[in-house]
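Here are my notes for your first read-through. Keep the structure open beside you and check each point as you go.

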Amino acid sequence: MYTLLYGFYKYVVQKDEFCVLILGLDNAGKTTYLEAAKTKLTKNYKGIHPSKITTTVGLNIGKIDIGGIRLNFWDLGGTERVAVFYYEESHAIIYIVDSSDRDRIDESKEIFDKMIASESLQGIPLLVLANKQDIPECMGVREVKPIFNKNAHLIGKRDCMVMPVSALTGEGVDEGIRWLVDCIKRNAYLRPPRNNQES
Ligand SMILES: Nc1nc2c(ncn2[C@@H]2O[C@H](COP(=O)(O)OP(=O)(O)OP(=O)(O)O)[C@@H](O)[C@H]2O)c(=O)[nH]1
Ligand SMILES: [Mg+2]
């Protein structure tokens, strides 16, 4: 009886959990973006002021409950070389580009290409964010998109979207997460939620 009730309780209360890996060069705005997403999508969460965010050493984690599921975010410091160890466990990737930094766009694209070529990320939804759209001289999404779509054969058969965003003002932040939630749910047959994997 206890098992039955516990099973029912778990069925009602427990949310399917998915992991989203946030990648991009150092200074791209990954941590600022995660804070903006948590602030926009979590009731009563005030968030850390952007000016208080410092460069990430190691891993910063965050969670958002949305659309009946739980998203666990892994925000790695841009210089961390350990990202590959998270690939197998990730259900989606958010790749953040600093649209105001033309000098480092090629470097960012190189890292991106290496990442999407990885076998363990095949078929995983990919959201590319052209961040810092609030900066007047930045590259717009029309400029960033063709750069990151160049190697379409590597992107392969997966949901992929390039969106403009400003992590600082919050503009476009929730639209991206909502798009990703739909993709993750659709893709769950290929990469099931964490808590359901053993069954
Ligand atoms: N103007 C503007 N600045 C931004 C935006 N997003 C982030 N920044 C700034 O960019 C700098 C780096 O932001 P972080 O969020 O620390 O970047 P990160 O990618 O987490 O960097 P690492 O942790 O070093 O990998 C900070 O000064 C932020 O305030 C944005 O949308 N617009
Ligand atoms: Mg950071």
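**Notes on the predicted model**

1. Start at the metal. The magnesium ion (ligand 2) has two protein donors listed here: Thr31, through OG1, and Thr56, through OG1. They lie 2.0 Å from the ion. Please keep in mind that this is a predicted model. Water is not among the atoms, so the site may look incomplete.

2. Thr31 sits in helix α2, which covers residues 30-41. Thr56 sits in the loop between α2 and β2 (59-66). The two residues are 25 apart, and the pair links distant parts of the chain.

3. Thr31 has a relative accessibility of 14%, so it falls under the 20% limit for buried. Thr56, at 16%, counts as buried because it is under that limit too.

4. Look at how the two threonines meet. Their side chains make a polar contact of 2.8 Å. Beyond its neighbours within four places in sequence, Thr31 is in contact with Ile53, Thr56, Asn60 and Asp75.

5. What is its relative accessible area? The value for Lys38 is 12%, so this lysine is buried. Its side chain makes a polar contact with the side chain of Tyr45, at 3.4 Å. Not counting residues up to four places away in sequence, Lys38 touches Tyr45, Ile61, Gly62, Lys63 and Ile64.

6. Next, the aromatic rings. How many aromatic pairs are there? The count comes to four. One of them joins Tyr95 and Phe112: the ring centres are 5.2 Å apart and the planes stand at 65 degrees, so the pair is edge-to-face. Tyr95 lies in strand β4 (residues 92-98), and Phe112 lies in helix α4 (residues 105-116). They are 17 residues apart, so check that you can find both elements before moving on. Both Tyr95 and Phe112 are buried.

7. Follow Phe112 to its other partner named here. Phe112 and Phe148 also form an edge-to-face aromatic pair, with 5.0 Å from centre to centre and 80 degrees between the planes. Phe112 is in helix α4 and Phe148 is in helix α5 (residues 141-148), so this pair ties together parts that are 36 residues apart in sequence.

8. How accessible are these two phenylalanines? Phe112 is buried, with a relative accessible area of 0%. Phe148 is buried as well, with a value of 1%. Ring pairs link Tyr95, Phe112 and Phe148 into a cluster.

9. Move to the loop between β5 (126-131) and α5, where you will find Gly140. Its relative accessibility is 27%, so Gly140 counts as partly exposed. Gly140 and Pro164 are 24 residues apart in sequence. In space, their C-alpha atoms are 7.2 Å apart.

10. Finish in the segment after α7 (173-186), where Asn187 lies. Is Asn187 buried or exposed? At 10% relative accessibility, Asn187 counts as buried. Leaving aside neighbours within four places in sequence, Asn187 is in contact with Gly123, Ile124 and Pro125.

Technical notes
Residues are numbered from 1 along each chain as its sequence is written. Chains are lettered from A and ligands numbered from 1 in the order in which they are written. This is a predicted model: local features need pLDDT of at least 70, side-chain atom pairs count only at pLDDT 80 or more; totals for chains, interfaces and linings use all residues. Side-chain values use heavy atoms; hydrogens and water are left out. Donors are N, O and S atoms within 2.8 Å of the metal (3.2 Å for Na, K and Ca); water is not among the atoms, so sites may look incomplete. Helices (H or I, at least four residues) and strands (E, at least two) are DSSP runs, numbered from the N terminus. Rings of Phe, Tyr and Trp (its six-membered ring) pair if their centres lie within 6.5 Å; planes under 30 degrees apart count as stacked, over 60 as edge-to-face and the rest as tilted. Buried means under 20% relative accessible area, exposed over 50%, partly exposed in between (1.4 Å probe, protein chains only). Contact means heavy atoms within 4.5 Å. A polar contact is a pair of N or O atoms within 3.5 Å; within protein, one must be able to donate a hydrogen and the other to accept it, and residues adjacent in sequence count only if both atoms are side-chain atoms.
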